[in-house]
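Subject: Structure handover

Hello,

Here is the structure I promised you. Please open it alongside this email and follow the notes below.

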Amino acid sequence: LRTMRGYGRPPYDDPLAYALVMAYYEKIEPYDPPWDYKELARRPGNRVGPMGILASEYSLIDKVNVVRGLIDTFAVLYPQLQGIDFRRDVRELDVPVYVLLGDHELRARAELVRQWLDTVEAPRVVLEHYHDSAHAPHAQEYRRFHRFMVDTVLPQTLPGR
């Protein structure tokens, strides 16, 4: 707690702050994934570990590159993103916008998404709420996500298909 308070208010300059926040995600926003998501993860062939690093299709080099990618994300990408505010910088898009928002997403993230969607101009803006999800609705409610993509996004973006 002392370490987290030492980082101060976001945005964080220290990449380790992001890792610390994610490590305590479930303490910040308590969440219990849906039963079928947990059951799927328990199956022997599906045990992929954190960030998929234990996935059977990954070679040793792939696993090393997953870690390298995470390090680059925290050290290089996230600091570059700190200055971008979609509410200010992305006011108009020429493509449809579909946002999947888990009801258990961190409140600060969810609020920023809602604020942006209230102002962005696009051919179509859809906010789809996932009540049993946090940060990964596409995985945590994978059946509903599949139906949304097939029944909504595909017909609206590729008519006649």
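Where in α5 is the kink centred, and what is its angle? The kink is centred on Thr-73 and comes to about 40°. Please bear in mind that this is a predicted model.

Helix α5 covers residues 60–81. It has 22 residues. From its first C-alpha to its last, α5 reaches 30 Å. That is close to the 32 Å expected at 1.5 Å a residue.

**Overall layout**

The protein has nine helices and two strands. In sequence order the pattern is α-α-α-α-α-α-β-α-β-α-α. The protein has 161 residues, and buried ones make up 22% of them. Its accessible surface comes to about 11600 Å². Carbon and sulfur atoms account for 57% of that surface.

**A nonpolar patch**

Four residues form a nonpolar patch on the surface: Leu-77, Leu-81, Ile-84 and Phe-86. Together they have about 340 Å² of accessible area. Leu-77 lies in helix α5. Its relative accessible area is 39%, so Leu-77 is partly exposed. Phe-86 belongs to helix α6, residues 86–89. Phe-86 is also partly exposed, because its relative accessible area is 43%.

Leaving out residues up to four places away in sequence, Phe-86 touches Arg-91 and Trp-116. Leu-112 is 26 residues from Phe-86 in sequence. In space, the two are 8.7 Å apart, C-alpha to C-alpha.

**Salt bridges**

How many salt bridges does a search of the whole structure find? It finds five.

Asp-85 has 21% relative accessibility, so it counts as partly exposed. Arg-87 is partly exposed too, with a relative accessible area of 31%.

Arg-114 and Glu-111 are another pair. Their side chains meet at 3.9 Å, N to O. The cut-off is 4 Å, so a distance of 3.9 Å still counts as a salt bridge. Both residues lie in helix α7, residues 107–119. They are three residues apart, about one turn of the helix. Arg-114 is partly exposed at 32% relative accessibility. Glu-111 is partly exposed at 38%.

The next pair is Glu-128 and Arg-144. Their side chains meet in a salt bridge at 2.9 Å, N to O. This pair links distant parts of the chain, 16 residues apart. Glu-128 is in strand β2, residues 125–130. Arg-144 is in helix α9, residues 142–157. At 22% relative accessibility, Arg-144 counts as partly exposed.

Arg-114 is 27 residues from Arg-87 along the chain. Their C-alpha atoms are separated by 9.8 Å.

**Pro-123**

Is Pro-123 buried or exposed? Pro-123 is exposed, because its relative accessible area is 57% and the cut-off for exposed is over 50%. Pro-123 sits in the loop between α7 and β2.

Pro-123 still has contacts. Not counting residues up to four places away in sequence, it touches Leu-93, Asp-94, Val-95 and Pro-96. Pro-96 is 27 residues from Pro-123 in sequence. In space, the two are 5.3 Å apart, C-alpha to C-alpha.

**Where to look**

Go on to the nonpolar patch, which includes Leu-77 and Phe-86. Then view the salt bridge between Glu-128 and Arg-144. End at Pro-123, in the loop between α7 and β2.

Best wishes

Conventions
Residues numbered from 1 in each chain as written. Predicted model: local features only at pLDDT ≥ 70, side-chain atom pairs only at ≥ 80, totals over all residues. Heavy atoms only, no water. Patch = residues over 30% accessible without salt bridge, like charges linked within 9 Å, V, L, I, M, F, W, Y side chains within 5 Å. Areas by Shrake-Rupley, 256 points an atom, 1.4 Å probe, with all protein chains shown as cover. Helix = DSSP H or I, 4+ residues; strand = E, 2+ residues; numbered from the N terminus. Buried < 20%, exposed > 50% of the residue type's maximum accessible area, 1.4 Å probe, protein only. Expected span 1.5 Å × (residues − 1). Bend = angle between axes of the 7 residues up to and from the residue. Contact = heavy atoms within 4.5 Å.
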